[in-house]
Each structure stands twice: as C-alpha cells, then as structure tokens.
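Student: I am new to this one. Could we go through it together?
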Amino acid sequence: MRIIIVLLFGVLWVGCSKKSDPKPPVAANLVFPEKDSECTTGRDLNETTSEIEFKWMASDHTESYELRVTNLNTSITQTINTNAISAKLPIAKGEPFSWLVRSKNTNVSDVATSTTWYFYNAGYLTTHAPFPAQLVSPQNGASLFKDINNEITLAWSASDVDNDIIGFEVYFSTENPPLDLIASPTSTRRNEVVGVSSDTTYFWRVITKDAEGNSSQSGVFTFKAL
C-alpha cells in the first residue's frame, strides 16, 4: 500500500510540475575597439582598408550574437552573425564608426542590445572630427510636459579623439530638419533651455565643432510638448 501511495505521488508531481520559461538574453558588454578611441591595431588589407577584430563579453542566456558596425560618414552598416564573442570585419581607414552587439536566443523573441560605442579606425588622418553628439533628452519620439515657465531642456553628450571640442550649434524648430540656429554654447555646456507650446511637435539637432575646424552632425530627434 505504501509503495502505491509513493508511486501515485510521483505521478502527480511529474504531472503538475511545469517546465520553466526560457529566459531572455542579456545585453553584452563591449570590449574592443574601446569607447571614443582611435583604433590603431588592425591588419592592413590595402591603402584604404584594414581588418579589425571586434570583441565583447559573453552574455547570459545567449545563443548567438549580431555585430553591427556603422560608418558614420556614409551611414553604411555592416552586419555579421556569430556564436563567438568576437568577429573580424574589413572597414575603411581614417573613418569614424559606431558599433553594437545584439544578443539572441532562438527560444525567445526578445533581443538584447548593447550600448553603442564610437571609435576612429586609424589611417592617414592627423586630426579627427568630433564624434556626432548623442542626443540624450528629450528622447526621440517622446511626449513630455513643459515646466511652469513653458520651457523644456535639451541635453546631449559629446566626445572627440583629439579632445579639442570648442563648442556646439543647436538647431531647433517645428520643421524637419530644423534650420533655426537657436544657440552656440561652448564646449563646457551640454544643454539648452527652449521655450515650447502645448500640443506642438518639435525637431532638434546638434553640430559639434573642434579647434581644427572639423565638425559633425547628430541625427534629428523629435518630441511633442504637452
């Protein structure tokens, strides 16, 4: 009788137990090329191209990775899928790039995306344009309330291999692309307060300038003031 009870309990336990759901992948941490750096290590392929090995840390619950490398001057993106934690790509010398890694798992639909890093691939240049400013706030496509003074603060970040940023140009309007230059803050300021109206959509972008006369342009962000 005791044996029968034990067997029945075992059948009930197996029947009631449920297989745990697969966990979504975790975003990978990038390693090389380093953030906001000039990549000087690579295999020369010809006068204009070198092969760079991109590296990142393994992430949990991940079966494969998708490496995405974008030339910031041409907006052309190269993509490669791999099960390893590194991949080699031929890229142009003397050009600025951004790169990121997407972590994937075939058991779930979720895809985890790493942070985006910027770098220059070493080449014939002796001076480098600043990396495009990263628009931080308001986030692209956001809807947000203006403050008591009918104002919203635009905020961005910027970096440069040569560390010689001298200032910015902030363009802001209800037109896309925004053509109204509303401020030219110095390199020490990374924000600008703007007046807005309720139920109105705005567009903004930032141009970064350095001491050598180089410049770079962010993308255009939009938001709606409430």
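Tutor: We shall discuss confidence and then salt bridges.

Student: What is the mean pLDDT of the protein chain?
Tutor: This is a predicted model. The mean pLDDT of the protein chain is 90, with 91% of its residues at 70 or more.

Student: Where is the pLDDT below 50?
Tutor: One such stretch covers residues 3–9, which has zero contacts in the model beyond near neighbours in sequence. Where pLDDT is low, the predicted coordinates should not be read in detail.

Student: New topic: how many salt bridges does the structure hold?
Tutor: There are seven salt bridges. One of them joins Glu 66 and Arg 102, whose closest N and O atoms are 3.1 Å apart. Glu 66 belongs to strand β5 (residues 64–71) and Arg 102 to strand β8 (residues 96–104), and the two are 36 residues apart.

Student: And is Glu 66 buried or exposed?
Tutor: Glu 66 is buried, at a relative accessible area of 8%, whereas Arg 102 is partly exposed at 26%.

Student: Which strands do Lys 209 and Glu 169 lie in?
Tutor: Lys 209 lies in strand β17 and Glu 169 in strand β14, so their pairing ties together parts 40 residues apart in sequence. Their salt bridge spans 3.4 Å from N to O. Glu 169 counts as buried, at 17% relative accessibility, while Lys 209 is partly exposed at 33%.

Student: Which residues do shared partners join into one network?
Tutor: Salt bridges with shared partners connect Glu 66, Arg 68, Arg 102 and Lys 104.

Terms used. Residues are numbered from 1 along each chain as its sequence is written. This is a predicted model: local features need pLDDT of at least 70, side-chain atom pairs count only at pLDDT 80 or more; totals for chains, interfaces and linings use all residues. Side-chain values use heavy atoms; hydrogens and water are left out. pLDDT is the predictor's confidence in each residue, from 0 to 100. Contact means heavy atoms within 4.5 Å. A salt bridge is a side-chain nitrogen of Lys or Arg within 4 Å of a carboxyl oxygen of Asp or Glu. Helices (H or I, at least four residues) and strands (E, at least two) are DSSP runs, numbered from the N terminus. Buried means under 20% relative accessible area, exposed over 50%, partly exposed in between (1.4 Å probe, protein chains only).
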